[in-house]
Amino acid sequence: MFGGIFSGHPFASGFRNGPLKAGLNILPDIENSQLLRRRFYVAMTFALWVVMGLSMAVSGLIYLLLPPKSQREEEWVEAADLASLPHGVPEEVLFPRSRVDGWMVRVEKAKAWLVRKPGGQVVAFTPQCTHLGCAYHWDARAGNFLCPCHSSRFSIDGNVLGGPAPRPLDQYAVKIEGGKVSLGAAKGRA
Ligand code: FES
């Protein structure tokens, strides 16, 4: 560029052999370092994509291949002392229960109706009516469970006595060890 404008001028030849020549000499170095930097950024971006893709693929595989925690092990939770349960009268108890929600485990209060039978056996009912899930209670005068929503009634064994409830009360698995009543998973009854 300078050659075209200043050609023939003494200043031009001096300048071309001095600082301009030095400047033109370092231009390739600058271009090289910019090219290297650009390649480095591209490589880093690519590596980041690979790492993100791999981590998503591994998480997906773990999710698909490993069964949920609830299926891997049955969780037992202590709910009451056997000695504290009255004979033949249902007792409502609260106990902590962990609920698996995706990858999160939440601990919440759950409810059960426990019935201690004459032989020391314990039956535990889940607290929802089998019609539409309302909370029922023990009607001591009538001697059965009553759901206030649509008046379904259940016997002390959980069987349907009346109302729209389509099946008996669901039950928790029960384990008694060392005088403690522990509850496991809830299971429906046909
Ligand atoms: S929810 Fe209990 S009778 Fe309808």
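Guide: Start with burial: buried means under 20% relative accessible area, exposed over 50%, and partly exposed in between, with a 1.4 Å probe and protein chains only. The model is predicted, so local features need pLDDT of at least 70, side-chain atom pairs count only at pLDDT 80 or more, and totals for chains, interfaces and linings use all residues. Residues are numbered from 1 along each chain as its sequence is written, and side-chain values use heavy atoms, with hydrogens and water left out.

Visitor: Why is serine 155 called buried?

Guide: Serine 155 has a relative accessible area of 14%. Buried means under 20%, so serine 155 is buried. Serine 155 sits in the loop between β7 and β8, where strands (E, at least two residues) and helices (H or I, at least four) are DSSP runs numbered from the N terminus.

Visitor: What is serine 155 in contact with, leaving aside its neighbours within four places in sequence?

Guide: Contact means heavy atoms within 4.5 Å. With those neighbours left aside, serine 155 is in contact with Asn144, Phe145 and Leu161.

Visitor: What makes cysteine 134 and cysteine 149 a disulfide?

Guide: A disulfide is a pair of cysteine sulfur atoms within 2.5 Å. The sulfur atoms of cysteine 134 and cysteine 149 are 1.9 Å apart, and the pair therefore meets the definition. A search of the whole structure finds one disulfide. The angle about the S-S bond is -90°, and the link of cysteine 134 and cysteine 149 is left-handed.

Visitor: Which parts does the pair of cysteine 134 and cysteine 149 tie together?

Guide: Cysteine 134 lies in the loop between β4 and β5, and cysteine 149 in the loop between β6 (144-146) and β7, so the link joins parts 15 residues apart in sequence. Cysteine 149 is partly exposed at 37% relative accessible area. Cysteine 129, at 5%, is buried, and cysteine 147 is buried at 2%.

Visitor: How do you know that lysine 180 forms a salt bridge with aspartate 81?

Guide: A salt bridge is a side-chain nitrogen of Lys or Arg within 4 Å of a carboxyl oxygen of Asp or Glu. For lysine 180 and aspartate 81 the closest N and O atoms are 2.6 Å apart, so the pair qualifies. The pair links distant parts of the chain, with lysine 180 in strand β10 (residues 180-187) and aspartate 81 in strand β1 (residues 77-81), 99 residues apart. Lysine 180 is partly exposed at 31% relative accessibility, and aspartate 81 is partly exposed at 35%.

Visitor: How many salt bridges are counted by this rule?

Guide: The count is five. Among them is the pair of aspartate 139 and arginine 153, with the closest N and O atoms 3.2 Å apart. Aspartate 139 is in strand β5 (residues 137-139) and arginine 153 in strand β7, 14 residues apart. Aspartate 139 is buried at 18%, while arginine 153 is partly exposed at 26%.

Visitor: Why is isoleucine 62 called partly exposed?

Guide: Isoleucine 62 has a relative accessible area of 38%. Isoleucine 62 is found in helix α3 (residues 19-65).
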